[in-house]
Amino acid sequence: MTGADLAFWTLAAIAVITGWRVFRTDSMVRATFFLLTSFVAVGAILLLLAASYLGFALIFMMAVEMTVMALFMVMYMMNPAGLNPMNMIHQPGTAVAAGVGVGAVLAAVALWVPFPHSAAAVPPSDPIAALGHELLGGSMLVFESAGVTLLAAMIGSVVLSSRAGRYGAADEGSLPPGLEPGGEPAGRRPAPADGGHTHMHMGDGTGGHMDMAMDRGGGDGSGDHDHGGHAAPGEGPA
Amino acid sequence: MTLHTLLLVAALLVGIGVYGALSQQSIVMLMMGLELLLNGLLLAAGALWALAADFTPRGQLLAIVIMAVMAVEMAVGFAVVVAVYRQRRVDTTEGLDTLRG
């Protein structure tokens, strides 16, 4: 067993075991760092395969991405530090069956399908330069399409996550205006969830309620307000 | 380090990723499952590039496309988590069953 083989098996074991630990730890922050470790191991395997650009790009990208993910875990999850044991799993039977099934089928493909063997035993002298010439040469369309896709994703995520929604502040239960003036809101109204956030219309009589963007509903999460007062008779100059 | 063993490791990563994406209630954990799945795909693409495709530069483009998919999935996924949380104060997939038949 050569040194490269030893390094490969070590990295492969790290990648698979930490990948498994991602879903078997109580702490969600720890899960993100397990996932980061798995990515770094795969990036190192890519480095062993002489794909140095891909390996380093993967490691750098994932270092940033998993840090952002850890921040999200702290912001949104109820148990980011893993202080309490928790089990947030649904449909475990289906999930295990699907995971084992997909893994087994792909492993069978990996082991028994005759793949073409590479004729060139040694990598080219400068694979990064070759990749650069390919990216800005024959395959520029692929490269530019990926770039435009990333730009569209950036714009879309800014639009999706901005607080100022189309019909008012997104976290205050804003609803689209009615189909006719003073009518019911056109959109789906959020169901009153348990302890959740339901919409409360202030009904302050300023301007006939044609523009629901003016609505500043109760964002206090007290959960016992329903959508009342909208287009109530005798209210406002509507 | 043969093509078969590399693809075997990739298959294990994809299997774990499928399990994670299907089993996790938290939306962010679901995204981590998808990321692990794409991790396995990336490893398979790199292995095929190096050991079955003569190190042709065009082979690395597939891996670059996979990395772009990873970045898009992450960015849009986080934005969806933020938007859903603002609207409904939920962060689990159970809170998003509006389309359930």
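How close do the axes of α2(B) and α3(B) come, and at what angle do they cross?

## Two helices of chain B

The axes come within 9 Å and cross at roughly 175 degrees. Axes here are lines fitted to C-alpha atoms, for helices over the stretch in contact, with angles from 0 to 180 degrees between N-to-C directions. Over 145 degrees counts as roughly antiparallel, so α2(B) and α3(B) are roughly antiparallel to each other. Helices are DSSP runs (H or I, at least four residues), numbered from the N terminus.

This is a predicted model, in which local features need pLDDT of at least 70, side-chain atom pairs count only at pLDDT 80 or more, and totals for chains, interfaces and linings use all residues. Residues are numbered from 1 along each chain as its sequence is written, while chains are lettered from A in the order in which they are written.

## Where the chains meet

In chain B, 63 residues are in contact with 80 residues of chain A. Contact means C-beta atoms, placed from the backbone, within 7 Å. On the chain B side, α3(B) gives the largest share, 24 residues.

## The nonpolar core

The largest nonpolar core has 80 residues. Such a core is a set of buried Ala, Val, Leu, Ile, Met, Phe, Trp, Tyr and Cys residues joined through C-beta atoms within 7 Å. Buried means 20 or more other C-beta atoms within 10 Å of a residue's own. The largest share, 17 residues, comes from α2(B).

B:Ala47 is among the residues that touch the most other members. Not counting residues up to four places away in sequence, B:Ala47 touches A:Leu49, B:Leu3, B:Leu6, B:Leu7 and B:Ala10.

Key. Contact = placed C-beta atoms within 7 Å. Parallel < 35°, antiparallel > 145°, perpendicular 65-115°, else oblique. Buried ≥ 20, exposed ≤ 12 C-beta atoms within 10 Å, placed from the backbone.
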